[in-house]
Amino acid sequence: MSEPDDGGLRPTTVSDLLARRAADDSDGIVVDDLAWTWRAVVAESGRWAAALDTLRPASGPFHIGVLLGNVPAYLFALFGAARIGAVVVGVNDTRRGNGLARDVRHTHCVAVLTDASHAPLLAGLDLGSTTVIDVDGTEWRHSLHTAPPVAAHTVRPEDLLLLLFTSGSTSAPKAVKMSHGRAAGAATRSTWSTPDDVFYCAMPLFHGNALNAIVLPALASGATIALRERFSASQFMPDVRRYGATFFSTVGRALAYILATPPTSEDRSHRVKYALAPESSPRDMEAFEARFGIVCVSGYGSSENAIIMEPRPGLPKDALGVPQAGLDAAVVDPETGVERDRARFDADGRLINGAEAIGEIVGRNVVGRFEGYYDNAEAEAERTRNGWYWSGDLGYQDDDGVFYFAGRSGEWLRVDSENFATAPVERILGRFPGASGVAVFAVPDERTADDQVMVALELTAGTTFDAEEFGRFLADQPDLGTKWAPRYVRITTLPVGATNKVDKRPLRRERWYTDDAIYWRPDPGAEYRLFTAEDLTALEARFHDSGRADAMERP
């Protein structure tokens, strides 16, 4: 379909984007055997706008929480709210109890839209004055059909569209602001979306990945959005084939889960041109291309939108990419702000000067792109101190301006007075035969205030851990720093969050207190052996004798 004649003006709000789809009879949303043309999507969003407008408060924020899976109602609510100047709060459906209630209260939601499968999460919680609405219930369905059409609302680019929660890995989740202008700009700048594309969306709609990589670009171009209510590794590629998907996005360990499904003769029967897979391991990206013939690119971005890295052809699989045109990004010492040395690599592409090259990724001219956190001035000030945007991510940069990820800012380790980051260690340990997932984190040292290195290893099905083989493997890694070898090795299934990113919080909390098998080296030169109950008792005693009993506290 040709675009409507809008005088050549670039859309500046999501309302503008919806207007451009109002007469588009190509498929907009498909779910199983159901389909809505874009014309129907816009019409349905009008009904939702009218029903939502009946909830408008007399004063104060008009915020609508959405606690749903990836269902059409989520998009109808988002688009309907956009038409009347309401703000959608993407509620994380993996949050529970007081944390979930806190998210709703913190963002001052006048109502939360949910359904029968999600409503029990809210039962008995203190939500303040927030109304809970079942979008499949009789009352709401009646409102959709009887609410009078609303008068046209003037929506400006600077008006708020969304509040998206961060993961909250180190503190309570922060609600990131996204304006209409930012959303429309991201949508119209996308280079991977055409009217003939079909975007498969299995990542949660409350997360920026699904919105920025799929929903908004599809709305701008007229591509089709194929929804899966929640990620399923076994159904992922069958869905991609039956919908004729040309693009999808994943995060974290999703590729590993798909690769763990049995190979079939149809693995390469698809229309996918390429996929977006930030925070996937290079090993999984290479294996995915080898099996399915799908090139996965990483890239780098965040809900805050301040620093964007774009992949380029020919870059190493573990590269984040290069800064988007016009962005001044750098890697600096997080304490002094002094720029770190450029990374150097050996003949095999392995980092050899991590101690000098790794620092925090900052944007030195991007503070204006960051629209802030809702009702959290302290976090905003910390993120934008000294006029720079501090990403909270560690990285390093090579002489060609290519950036690489080295972990979160809270993932520094200090062993025997040497500081280093987790991600380079994880890349090395990820080479271990049979390792399908790796998470490196700090545990306390029983003698000093320094750390010891612990790694959680997830093994491929049918693989057993051989402690002697692991020791030999470490000895053969020329780029393994002298302090980087893990003292403790836990064999486990890695915990993940809503978007399949590894969640290290339970690992750091549990440490040695687990029923999983743990191996350790009592001393740096010793061989790895099983960590026993007697070892734990002796370790606790050493913590006590060193005056560090508080660091050994059980979870």
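Guide: We begin with burial. A residue counts as buried when its relative accessible area is under 20%, as exposed when over 50%, and as partly exposed in between. Keep in mind that this is a predicted model.

Visitor: Is Trp 390 buried or exposed by that rule?

Guide: Trp 390 has a relative accessibility of 4%, so this residue counts as buried. Trp 388, with a relative accessible area of 21%, is partly exposed.

Visitor: How do I read an aromatic pair?

Guide: Rings pair if their centres lie within 6.5 Å, and the angle between the planes then gives the type: under 30 degrees is stacked, over 60 is edge-to-face, and the rest is tilted. By this rule there are 34 aromatic pairs here. In one of them, the ring centres of Phe 370 and Tyr 373 lie 5.1 Å apart and the planes stand at 70°, so this pair is edge-to-face. Phe 370 and Tyr 373 are both buried.

Visitor: What type of pair do Trp 388 and Trp 390 form?

Guide: A tilted one: for Trp 388 and Trp 390 the distance is 5.8 Å centre to centre, with 35° between the planes.

Visitor: Which residues form an aromatic cluster?

Guide: One cluster consists of Tyr 200, Phe 231, Phe 236, Tyr 243, Phe 248, Tyr 257, Phe 288 and Phe 292. A member of that cluster, Tyr 243, has Arg 242 over its face, at 4.6 Å from the ring centre.

Visitor: How are two packed helices described?

Guide: By the angle between their axes and the distance between the axes. Take helix α6 (residues 180-189) and helix α7 (residues 208-221): their axes come within 8 Å and cross at roughly 80°. An angle of 65 to 115 degrees counts as roughly perpendicular, and that is therefore the term for α6 and α7.

Visitor: Which residues make the contact of α6 with α7?

Guide: From α6 they are Ala 183, Ala 186, Ala 187 and Thr 188, and from α7 they are Asn 212, Leu 216, Pro 217 and Ala 220. These residues divide into 6 nonpolar, 2 polar and no charged.

Visitor: What should I know about phi?

Guide: Most residues other than glycine have a negative phi. His 108 has a positive value, near 55°. His 108 sits in the loop between α4 (97-106) and β5 (109-114), and at 39% relative accessibility this residue counts as partly exposed. Asn 500 is not a glycine either, and its phi is positive, at about 70°. Asn 500 lies in the loop between β24 (488-491) and α15 (505-510), and is buried, with a relative accessible area of 8%.

Visitor: What does Glu 540 touch?

Guide: Not counting residues up to four places away in sequence, Glu 540 touches Tyr 513, Met 552 and Arg 554. Glu 540 belongs to helix α16 (residues 533-545) and is partly exposed, with a relative accessible area of 24%.

Visitor: Where does Asn 70 lie?

Guide: Asn 70 is in the loop between β3 (63-66) and α3 (72-84), and it is buried, with a relative accessible area of 3%. Among the residues that Asn 70 touches, beyond four places in sequence, are Cys 201, Pro 204, Leu 227 and Glu 229. The C-alpha atoms of Asn 70 and Arg 554 are separated by 38 Å, and these two residues are 484 residues apart along the chain.

Methods:
Residues numbered from 1 in each chain as written. Predicted model: local features only at pLDDT ≥ 70, side-chain atom pairs only at ≥ 80, totals over all residues. Heavy atoms only, no water. Axes fitted to C-alpha atoms, helices over the stretch in contact; angles between N-to-C directions. Helix = DSSP H or I, 4+ residues; strand = E, 2+ residues; numbered from the N terminus. Parallel < 35°, antiparallel > 145°, perpendicular 65-115°, else oblique. Contact = heavy atoms within 4.5 Å. Nonpolar A, V, L, I, M, F, W, Y, C, P; charged D, E, K, R; others polar. Phe/Tyr/Trp six-rings, centres within 6.5 Å; stacked < 30°, edge-to-face > 60°. Buried < 20%, exposed > 50% of the residue type's maximum accessible area, 1.4 Å probe, protein only. Lys NZ or Arg CZ within 6 Å of the ring centre and 35° of its normal.
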